[in-house]
Structure formats: C-alpha cells, structure tokens
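Hello,

Here is the structure I promised to pass on to you. Please open it first, and then read my notes below.

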Amino acid sequence: MDLVTLEEIRQLKYRYLRCVDQKLWDEIGDVFTLDATVAYGTQVYGKPLNMTGRDEIVAFFRANLGPEIITLHAAGQPEISVDGDTATGSWRFEDTVIAVEHRVVISGAAFYQDRYQRGADGAWRIAHTGYKRLYEAMMALDDLPNFKFLAGVPKAAKTTGTTGTTGTNVADTAVR
Amino acid sequence: MDLVTLEEIRQLKYRYLRCVDQKLWDEIGDVFTLDATVAYGTQVYGKPLNMTGRDEIVAFFRANLGPEIITLHAAGQPEISVDGDTATGSWRFEDTVIAVEHRVVISGAAFYQDRYQRGADGAWRIAHTGYKRLYEAMMALDDLPNFKFLAGVPKAAKTTGTTGTTGTNVADTAVR
Amino acid sequence: MDLVTLEEIRQLKYRYLRCVDQKLWDEIGDVFTLDATVAYGTQVYGKPLNMTGRDEIVAFFRANLGPEIITLHAAGQPEISVDGDTATGSWRFEDTVIAVEHRVVISGAAFYQDRYQRGADGAWRIAHTGYKRLYEAMMALDDLPNFKFLAGVPKAAKTTGTTGTTGTNVADTAVR
C-alpha cells in the first residue's frame, strides 16, 4: 500500500474543495488535468452539470459562485486505489449552498467517484470527478422567521429579508 | 505506529458506512465478524438497538432501511489503537435519517466506540460498534412549507406532502 | 513526507475536538502548549474570541460550555505541513451549538489555521488555533413547532419549550 500517494491524493482533494468554498479561482485550475471532466449530479439546474476541460470548469465556478453564494463542501471517508500513475477514489460528501439574496438553501449528499492522474511533474491531479445524489433538497429561509446571519454574508444582503427585528430579539438570548 | 493497519481499518469503516447509505445489503455482511455485536444508541425506538451476529445485523438493515428511508452517515476524526490482531477505534459522527413518507427528519451525533479483529484471511472486520448520543432530535418537514426534494426520493413519495405548489415557486428563484 | 507525524497531529486535533464536545475539561489542557493562543472567529459575542494560555482557554470552556449547551465540531480535510518540531495545518470544519434552554441553534463553517509544536516529551501540542467564518447563522427552535429532542438534553430542559404535545404526535409517526 503506497501511503505517501494516498496522502498526496487526499491533499489534492482537500485543496480542490477548499478552493471552491474559499472561491480561489486563480488557484483551483491546477487541481485539474487540462482535459479533466466533471459530472456533478446536482438537480438545481434540472439536469446534471457536465463539463469538459480545466478552462470550462474554472470559468463555471467564476461565473456562478460569486460572493452572494455561500458553498460548503464536507468530504471524507476516502476509499482510494492506486495503480501506477492513475488512481480512483470514492468519497462521501455533503454540500450546502446558501443563495443569500434568494434566501434559499440547497442541501445534498452523494459519493464522489473520482479518477486521478500523476503528471510528468510528479503532481497528482483530478482527471474526473462526479457523483449521483443520495438526496438533494431546497428550503426557504423565510420559513424560519428567526433565522439570522451572524457572519459570512455580503453587506448588501444583510439588510434584505424579514429577519431584522425578530433576529435581534433572538440574538439577545444567545449563549454568552 | 502501524500506518498500513490504520489505513486498512479506516477503509473498513468507510466501506461499512457506504454500504449503509447506499443500501448494499449483499456486500455489508463481510465488514462484520460472524459474531459481531452492535449497540446503536439511537432513541428512535425508545431504547438502544442491540444486536448480535452478522446475520441479525444485516437482516435488520434489509428490513428497516428500504428506499423510502434516506440515511446519511458522516464519520471522521478516528482515534485508532492497534494491538496485534485486535484494535479499538473512536469515531465522531453525525447521522441524518429522512423518513420520506412520514415527512420526518431525525438528526443525531455521537462518538462510535468500535472493536476490530483481523481474521485468518488477513482482513480486518468490525467485532463491535456502538455509541451513546451527544444529542438526537426529530423534526417534521411540514414545519418548512417551502421544503422540496430535488433528488433521491422514490417516485411515489414525490407527490405526497404539502410542498407541491409552493415548492415550485421556490424552485423558480433558485441559483441558475 | 513524515506520515507518522501527520497521523500524530491528526490524532491531537481529534482529541482536542472530542474533549470539547464531550466536555472533558480535565483532559483538554494537555492538547495545548502552556502559552497557546486561540482566535475563534465566532460572532456570537459580537467580536472574535481571542485567548492566551492554556489556563485561560480551559477556564473559558469550563465556564461557558455546561450541560445545557450541546456543541458539535466536525473537522476534516487536513492540509498539514511539517517543519522539524513545528507544523502548520488547515482544517475545514462545521460546528453547531444548541443552547437548549434558550432554544437557539447556532451553525457555522470555517477553515482552522493551526500551528503545532513538538515538546521536549516528544508530544505534539496546539500552539495556535483560529479561524475566520465562511458563514455563521442562528435560528430559533420555536420556528419548528414539531422539533423534539430524543436524547442528549438535560432533564430539566426537556420540559421547557412548546414541543410537548405536537412532538409526541410526530414521534408516533417515526420510523420503527
């Protein structure tokens, strides 16, 4: 068992996920091979998101995940098999997308099925990542009248919604 | 520190959890020793779930976790100690059970306390797994009038509940 | 790559997080160096929580996280770099705080930025841990009339709130 390679692939995956949630679009490209493919099984768009090539993938992130969209990707439970300069990996994950201005939260869970490739420079990259949903659901923050953001929300968005007054009351009862 | 054994035990646990959430009842038996015991501390049944033997455990999963029950198990933070052909492990986890037809969600968190055993075939298996709850709670989806499943729900279930019309309105405002 | 050190640091972090959620205040001190610093980016107090020294940190936990406060810390996706007897680590995490008596839930996500130090006794300890929020939000359990605790709640708290009757009805429809 090549434990060093397993750790390298884990750190690759963690960097990818961190770049998404921290919106590091200048850095994220290097985690993919140039001809990488993705097949995200989200149903938010009515059909799965299939893309080909590092450039298309990064351009999608840049165009769709602006500051008004909070994304949270928690992946773990990796089952990785290495075969020379290629590898496959299964990862369990849950993701949450908070569309702050629309006051909508989308939650889902799935298992990633990934392929990895070691390049001429010795670095592992994602050649393919994709998943099918165990479930996916959406809800409206307005169904929770006392819901209130404390951090992470763009300034303009903080004043929207219906949480103003009641939110303040709730804050007064928070743990101190 | 026997890092290969730690990785083998981690992958064993991940396979177990994946078989549960993917409902792979033909595969899950092999993760347990024949005389394995479980002591799940869920309070959904009013008392903890104690079972003995691979056959009883697998039969329980098969009978109780059909397509109308979505289960999500996220475990991590393993603290594993190996002593020859036996090992113990603590794992932090959160689980969510969505009873689609009853429109009920049960959430909980706990630390697994596991024992593992290496068999004559060299493979590690779960000899015991159990946990006591940090907390467990249930809620009704009907408290969220705009809640809507996007994926993962059996066909028949999609038409139940009260989300039909308002769900559609929310979908129209989702991220695109 | 020093895989043994990576595992030692992971287990250190897991012990720290487990001591918090299990409220093991007599044990938690040893995970910190004597002069450790923390900079928790929660906004619950209106400003980040900065503390210096093992004693101050442990005293804070002991004073603020009593049995009526349930905390859940799920961390993973570690990116750790080792340099001799010091190391740095990035960890993705989500935390949930349930203030049972106030019937308030605070949820957040962030990336920890940690520094670790190996002592004269050979043990790794946390020299600094801190984070900035990706988001943080609070909600009131009373917005979910059917919400009901099944486990993990102090006896006195179980009778507070408005869930009594409706909660019982929901329990009757739970998975069996």
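Let me start with one of the interfaces. Chain C and chain A bury about 2900 Å² between them, with carbon and sulfur atoms giving 66% of that area; buried area is the accessible area (1.4 Å probe) that two parts lose on being put together, summed over both. On the side of chain C, Gln77(C), Glu79(C) and Met138(C) lose the most area to chain A, together 23% of what that side buries. The contact (heavy atoms within 4.5 Å) takes in 32 residues from chain C and 34 residues from chain A.

A word on the basis of all this. This is a predicted model, in which local features need pLDDT of at least 70 and side-chain atom pairs count only at pLDDT 80 or more, while totals for chains, interfaces and linings use all residues. Residues are numbered from 1 along each chain as its sequence is written, chains are lettered from A and ligands numbered from 1 in the order in which they are written, and side-chain values use heavy atoms, with hydrogens and water left out.

Back to chains C and A. There are 2 salt bridges between them, where a salt bridge is a side-chain nitrogen of Lys or Arg within 4 Å of a carboxyl oxygen of Asp or Glu. Glu7(A) and Arg10(C) meet in a salt bridge through their side chains, at 3.5 Å from N to O. Strand E7 of chain A (residues 148-151) is joined to E6(C) by 3 bridges, and the two run antiparallel; strands pair if DSSP finds at least two bridges between them. Helices (H or I, at least four residues) and strands (E, at least two) are DSSP runs, numbered from the N terminus. Within this pairing, Phe149(A) stands opposite Ala137(C).

Next, chains A and B. Here 32 residues of chain A are in contact with 34 residues of chain B, and about 2900 Å² is buried, 66% of it on carbon and sulfur atoms. In chain A, the residues that lose the most area to chain B are Gln77(A), Glu79(A) and Met138(A), together 23% of what that side buries. The rule finds 2 salt bridges across this interface. Glu79(A) forms a salt bridge with Arg18(B), with the closest N and O atoms 2.7 Å apart. E6(A) gives the most to the side of chain A that touches chain B, with 8 residues. E6(A) also runs antiparallel to strand E7 of chain B (residues 148-151), joined by 3 bridges, and Ala137(A) stands opposite Phe149(B) there.

What does chain A look like by itself? Chain A has 5 helices and 7 strands, in the order α-α-β-β-α-β-β-β-β-β-α-α along the sequence.

Finally, one residue to look up in chain B: is Phe61(B) buried or exposed? Phe61(B) counts as buried because its relative accessibility is 4%. Phe61(B) is found in helix H3 (residues 54-64) of chain B. Not counting residues up to four places away in sequence, Phe61(B) touches Tyr16(B), Val20(B), Trp25(B), Ile28(B), Phe32(B) and Tyr40(B).

Best wishes

Terms used: Buried means under 20% relative accessible area, exposed over 50%, partly exposed in between (1.4 Å probe, protein chains only).
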